[in-house]
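Biologist: Let us go through this chain together. I will ask, and you answer from the coordinates.

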Amino acid sequence: MVDLRRTESAGFIESDAVPLERLLEMDRGKILESLFSMDRPLAGMPRLAIRSESEIKFCRGRILSAEDLQGSGEEKINDGTVRVYSACGRFLAIGRCEFSAEGALRVVPKKVFCRPEECPG
């Protein structure tokens, strides 16, 4: 073997890449157009939306319950890692859904990507 070249990683393919030389020649608008959303690599994780009044609490590290979730309450939620979004669809965090022995849901923030003052709620 003479060469080893990675052509795909975490769902990104080589043709998605922008060479550094070309990036340096681009204006700010074009650079922003070439960026992917930061939740794209997490697309395989289930998505969970929280009520607007719970967003700041969650961004500050507070554990949420089922009452803090947006939706009808009939959605199937399993234990595990989830993508957490604001009521208006903004990606906020990676969280973990856990159930107590009594069956009560807890959503624990694991990695929050916005400061509380940036939360739309």
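Biologist: In what order do the elements of the protein chain run from the N terminus on?

Modeller: Keep in mind that this is a predicted model. The protein chain has three helices and seven strands. From the N terminus on, the order is β-β-α-α-β-α-β-β-β-β.

Biologist: What radius of gyration does the protein chain have, against that of a compact globule of 121 residues?

Modeller: The C-alpha atoms fill a box of roughly 60 × 40 × 25 Å along the principal axes. A compact globule of 121 residues would have a radius of gyration near 14 Å. The protein chain has 18 Å.

Biologist: What percentage of the 121 residues is buried?

Modeller: Buried here means under 20% relative accessible area. The protein chain exposes about 8,500 Å², and carbon and sulfur atoms supply 51% of that area. The buried share of the residues is 26%.

Biologist: How far apart are the mean positions of the positive and negative charges?

Modeller: The protein chain carries 19 positive and 20 negative charges. Their mean positions are separated by 3 Å.

Biologist: Which strands stand at the edges of the open sheet, and why is one side of each left without a neighbour?

Modeller: Five strands form this sheet, with mixed pairing, in the order β3-β5-β6-β7-β4. Two of them have a single partner strand each, so one side of each has no neighbour in the sheet. These edge strands are β3 (47-49) and β4 (64-65).

Biologist: Which residue is the bridge partner of Ala-49 in β5?

Modeller: β3 and β5 (residues 80-85) run parallel and are joined by three bridges. In β5, the partner of Ala-49 is Tyr-85.

Biologist: And which residue in β6 is the bridge partner of Tyr-85?

Modeller: β5 and β6 (residues 91-99) run antiparallel, with six bridges between them. Five residues lie between these strands in their hairpin, where Gly-89 takes a positive phi near 95°. On β6, Tyr-85 is partnered by Phe-91.

Biologist: Last one: what share of the contacts between residues at least 6 apart in sequence joins residues at least 24 apart?

Modeller: A contact needs heavy atoms within 4.5 Å. Of the contacts between residues at least 6 apart, those joining residues at least 24 apart make up 51%.

Note on methods:
Residues numbered from 1 in each chain as written. Predicted model: local features only at pLDDT ≥ 70, side-chain atom pairs only at ≥ 80, totals over all residues. Heavy atoms only, no water. Helix = DSSP H or I, 4+ residues; strand = E, 2+ residues; numbered from the N terminus. Rg over C-alpha atoms; globule rule 2.2 N^0.38 Å. Buried < 20%, exposed > 50% of the residue type's maximum accessible area, 1.4 Å probe, protein only. Areas by Shrake-Rupley, 256 points an atom, 1.4 Å probe, with all protein chains shown as cover. Lys, Arg positive; Asp, Glu negative; His and termini not counted. Charge placed at Lys NZ, Arg CZ, Asp CG, Glu CD. Pairing = 2+ DSSP bridges.
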